[in-house]
Amino acid sequence: MKITLAQTSPKLNRSNLNDIISIVKANSSDLIVFPELALNGYALQDKLCEDAFSLEELGELKLLSKDIDICVGVALRDDKNFRNSALYFSKGMLLSQHNKVHLPNYGMFEEARYFKAGENFKSFTSSFGKISMLICEDLWHESTNKDLIKENPDLIIALVASPARGFYDDGLEIEDSWNKIITTVAKECKAKLIFVNRVGFEDGLGFWGGSCIVNEDAKILHKLEHYKELIQTFKI
């Protein structure tokens with residue numbers, strides 16, 4: 001199986017859709033994974049009302065998924081509400097949608113003010129086995145791991161928008177925390193895990209990247225560099 005990690009730097013506007021379409025067209029792979037809110041940018045705030053997408057507007061991603069499975073993060077309009085969602089397109093259709101369950105509302109994060117939370121974690125069957133999708137803060141809650149173990153997925157996909165913080169000479173404290181979480185989850189669930197974090201700057205926040213693939217034994221098989229917009233394909 002070939003997996004493409006799309007460590008992108010989304011802009012705070014709708015032009016990301018065209019960028020993502022171009023990236024998908026330029027890559028030959030079985031699955032391409034983009035970060036959290038890759039279609040919109042992270043710090044939307046009141047701009048969410050203008051920039052959120054409807055599923056009907058993402059028809060070209062459906063068409064492209066006839067040749068490559070696509071997993072992407074989006075601010076989605078849901079009737080009168082907005083969702084921070086992960087969408088999985090495959091074989092010309094939307095195969096699954098996960099709405100972020102745990103919306104942070106502390107410090108630099110204000111998601112609970114703008115988005116409506118999802119309610120559960122459901123896996124789905126793809127050509128590559130059983131898959132579970134999560135979004136960033138979802139993984140920081142022990143209850144999530146318990147739910148994932150019950151779901152028993154073959155592959156876990158984590159879409160992330162994690163700002164850099166806790167700098168020291170040899171790395172980042174936030175990356176150390178993330179590595180502990182994702183390796184623990186992969187090992188306890190006996191599943192491969194794809195972690196895709198964005199890069200770039202927004203409203204004073206700098207995102208560090210470090211996207212990676214973890215195997216069932218908690219070993220990081222492949223990892224992208226910090227702070228660089230990179231699109232790379234790996235075979236697992």
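Predicted model: local features only at pLDDT ≥ 70, side-chain atom pairs only at ≥ 80, totals over all residues.
Q: Is Ser96 buried or exposed, and which residues is it in contact with outside its sequence neighbourhood?

A: Buried means under 20% relative accessible area and exposed over 50%, with partly exposed in between (1.4 Å probe, protein chains only). With a relative accessible area of 13%, Ser96 is buried. Contact means heavy atoms within 4.5 Å. Neighbours within four places in sequence aside, Ser96 is in contact with Ala86, Leu87, Tyr88, Phe124 and Met133. Its C-alpha atom is separated by 22 Å from that of Arg14, which lies 82 residues away along the chain.

Q: Where does strand S5 stand in its sheet, and in what order do the strands run?

A: Strands of a sheet pair through backbone hydrogen bonds, either parallel or antiparallel. Two strands are taken as paired if DSSP finds at least two bridges between them. Here six strands form an open sheet with mixed pairing, in the order S5-S4-S3-S2-S1-S16. Strand S5 (93–99) and S16 stand at the edges with a single partner strand each, so one side of each is left without a neighbour in the sheet. From one strand to the next, the twist averages 30° (axes are lines fitted to C-alpha atoms, for helices over the stretch in contact, and angles run from 0 to 180 degrees between N-to-C directions).

Q: How many bridges join S1 to S16, and which residue stands opposite Ile3?

A: Strand S1 (residues 2–7) and S16 run antiparallel and are joined by six bridges. Ile3 stands opposite Phe234 in S16.

Q: Which residues of helix H1 are buried, and why do they fall on the same side?

A: An α-helix has 3.6 residues a turn, so residues three or four places apart point the same way. In H1 (residues 16–25), the buried residues are Asn16, Leu17, Ile20, Ile21, Ile23 and Val24. They cover an arc of only 165° around the axis, which puts them on the same side of H1; the arc is that of the directions from the helix axis to the C-beta atoms. Exposed Asn18 and Lys25 are carried on the face turned away from this buried side. The cover over the buried residues of H1 includes strand S2 (31–33), helix H3 (59–64), strand S3 (69–78) and strand S16 (230–235).

Q: How many residues does the largest nonpolar core have?

A: In soluble globular proteins, nonpolar side chains tend to be buried together. A nonpolar core is a set of buried Ala, Val, Leu, Ile, Met, Phe, Trp, Tyr and Cys residues joined through side-chain atoms within 4.5 Å. The largest one has 44 residues, and Ile157, Trp178 and Ile194 have the most contacts inside it. Helix H6 (residues 173–189) supplies the largest share of this core, seven residues. Apart from this core lies another, of 21 residues, among them Leu17, Phe34, Leu39 and Leu76.

Q: What does Trp178 touch?

A: Not counting residues up to four places away in sequence, Trp178 touches Cys136, Leu139, Trp140, Val160, Ser162, Phe195 and Trp208.

Q: How is the hairpin of S14 and S15 to be read, and where does Leu221 belong?

A: Strands S14 (residues 212–214) and S15 (residues 220–223) run antiparallel, joined by three bridges. Ile213 has His222 in S15 as its bridge partner. Five residues lie between the strands of this hairpin, in which Ala218 takes a positive phi near 70°. Leu221 has its place in strand S15 and is partly exposed, with a relative accessible area of 33%. Residues up to four places away in sequence not counted, Leu221 touches Ile213, Asn215 and Ile236.

Q: Where is His102 found, and is it buried or exposed?

A: His102 is found in the loop between S5 and helix H4 (111–114). At 19% relative accessibility, His102 counts as buried.

Q: What describes the protein as a whole?

A: The secondary structure comes to six helices and 16 strands. The radius of gyration is 16 Å, close to the 18 Å that the globule rule gives for 236 residues, so the protein is as compact as a globular protein of that length. This radius is taken over C-alpha atoms, and the globule rule is 2.2 Å times the number of residues to the power 0.38. Buried residues make up 56% of the 236 residues.

Methods. Residues numbered from 1 in each chain as written. Heavy atoms only, no water. Helix = DSSP H or I, 4+ residues; strand = E, 2+ residues; numbered from the N terminus.
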